[in-house]
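This report describes a protein chain from the overall fold down to single side chains. Please keep the sequence and the structure in view while reading.

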Amino acid sequence: MIVLGKDILGKTIVHVDNDEEKAKVKDLLFDRNELSITYLTYEIDKPTDETKTLQEEQRVLDSIAAGGPRNTSQWNATPGIRLGANQMFDSEKQTFFIPAAQIDRMTEKAVTMKGSEKESPAERDDSLSCLFLLDLPVEDEEGEKIGKIKDLVVEEKEKRVIGLKLSEGFWEKIIGDGSKYLSIEGIELWLDEKVIVKTAEKENLQDDMTALLK
């Protein structure tokens, strides 16, 4: 089965053993050489030390307010503290990485995992990010623009990226057609500012992403 990367992003991650909901998928990472998925990532809010102090002071104020009039002058001097359900606190984002071996399923309906995630795997720096690639221009070896990356095509069972969904290409100007699909094997170079494909691959653009399956 094939699925688009954007259909994976934003899906709630559920653990198969206990139905625990972790968070929503933030990004999909894959190896630039083997093209296999390395991690799915998700983020949770991690309160800062200052936030923890503010939260504790807020709990005290809430307790005082619930108990009726009190002398609250000692607390009113603390800046940024307000009573009310809409009180917002600063927090930091903490990223977790789910290794490919712990990914159970990735479908348009759900993402399930088994085992445990990692907080900071060192090898993540060698992976390409789905979020980073979105809207990156694609050119051939002669510098002609082929289009922009609008999505990744993923073979779900093999956990492997097999192609790119492209739009805004030369074909739209010629025949007014929509998105095209390019096999990942046609990629020559992954650069920070663009992706370069073999010139001959312009003749191998597909109208249907299922054509990328071999």
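## Basis and overall figures

This is a predicted model, in which local features need pLDDT of at least 70 and side-chain atom pairs count only at pLDDT 80 or more, while totals for chains, interfaces and linings use all residues. Residues are numbered from 1 along each chain as its sequence is written, and side-chain values use heavy atoms, with hydrogens and water left out.

The protein has five helices and 14 strands; helices (H or I, at least four residues) and strands (E, at least two) are DSSP runs, numbered from the N terminus. Of its 214 residues, 41% count as buried. Buried means under 20% relative accessible area, exposed means over 50%, and partly exposed lies in between (1.4 Å probe, protein chains only).

A contact means heavy atoms within 4.5 Å. Among contacts in the protein with a separation of 6 or more, 55% are between residues 24 or more positions apart.

## Nonpolar cores

In soluble globular proteins, nonpolar side chains tend to be buried together. A nonpolar core is here a set of buried Ala, Val, Leu, Ile, Met, Phe, Trp, Tyr and Cys residues joined through side-chain atoms within 4.5 Å. The largest such core has 37 residues, and those with the most contacts inside it are Leu28, Phe30, Leu40, Leu133, Leu164, Trp190 and Val195. Another core lies apart from it and has seven residues, among them Leu4, Val153, Ile162 and Met209.

Leucine 133 sits in helix H4, residues 130-133. Its relative accessibility is 1%, so leucine 133 counts as buried. Not counting residues up to four places away in sequence, leucine 133 touches Phe30, Leu128, Ile149, Leu152, Trp190 and Val195.

Tryptophan 190, with neighbours within four places in sequence left aside, is in contact with Phe30, Arg32, Leu128, Leu133, Leu164, Ile184 and Val195.

## Aromatic pairs

The structure holds three aromatic pairs. Rings of Phe, Tyr and Trp (its six-membered ring) pair if their centres lie within 6.5 Å; planes under 30 degrees apart count as stacked, over 60 as edge-to-face and the rest as tilted. The rings of phenylalanine 30 and tryptophan 190 have centres 5.8 Å apart and planes at 75°, so this pair is edge-to-face. Phenylalanine 30 is in strand E3 (residues 21-31) and tryptophan 190 in strand E13 (residues 187-190), 160 residues apart. Both phenylalanine 30 and tryptophan 190 are buried.

Tyrosine 39 and phenylalanine 97 also form an edge-to-face pair, at 5.7 Å centre to centre and 80° between the planes. Tyrosine 39 lies in strand E4 (residues 37-47) and phenylalanine 97 in strand E5 (residues 91-99), so the pair ties together parts that are 58 residues apart in sequence. Tyrosine 39 is buried, and so is phenylalanine 97.

## Salt bridges and a polar contact

A salt bridge is a side-chain nitrogen of Lys or Arg within 4 Å of a carboxyl oxygen of Asp or Glu. The count comes to nine salt bridges, including those in the table.

| Salt bridge | N to O distance |
|---|---|
| Glutamate 20 and lysine 22 | 3.8 Å |
| Arginine 105 and glutamate 156 | 2.7 Å |
| Aspartate 140 and lysine 202 | 3.2 Å |

Aspartate 140 lies in strand E9 (residues 137-140) and lysine 202 in the segment after strand E14 (195-197), so their bridge ties together parts that are 62 residues apart in sequence. Aspartate 140 is buried at 1% relative accessibility, and lysine 202 is buried at 18%.

Glutamate 156 lies in the loop between strand E10 (145-155) and strand E11 (160-167). It is buried, with a relative accessible area of 6%, whereas its partner arginine 105 is partly exposed at 38%. Glu20, Lys22 and Glu117 are linked in a network of salt bridges.

Serine 127, in strand E8 (residues 127-129), is buried at 12% relative accessible area. Its side chain makes a polar contact with the side chain of threonine 38 at 2.8 Å. A polar contact is a pair of N or O atoms within 3.5 Å; within protein, one must be able to donate a hydrogen and the other to accept it, and residues adjacent in sequence count only if both atoms are side-chain atoms.
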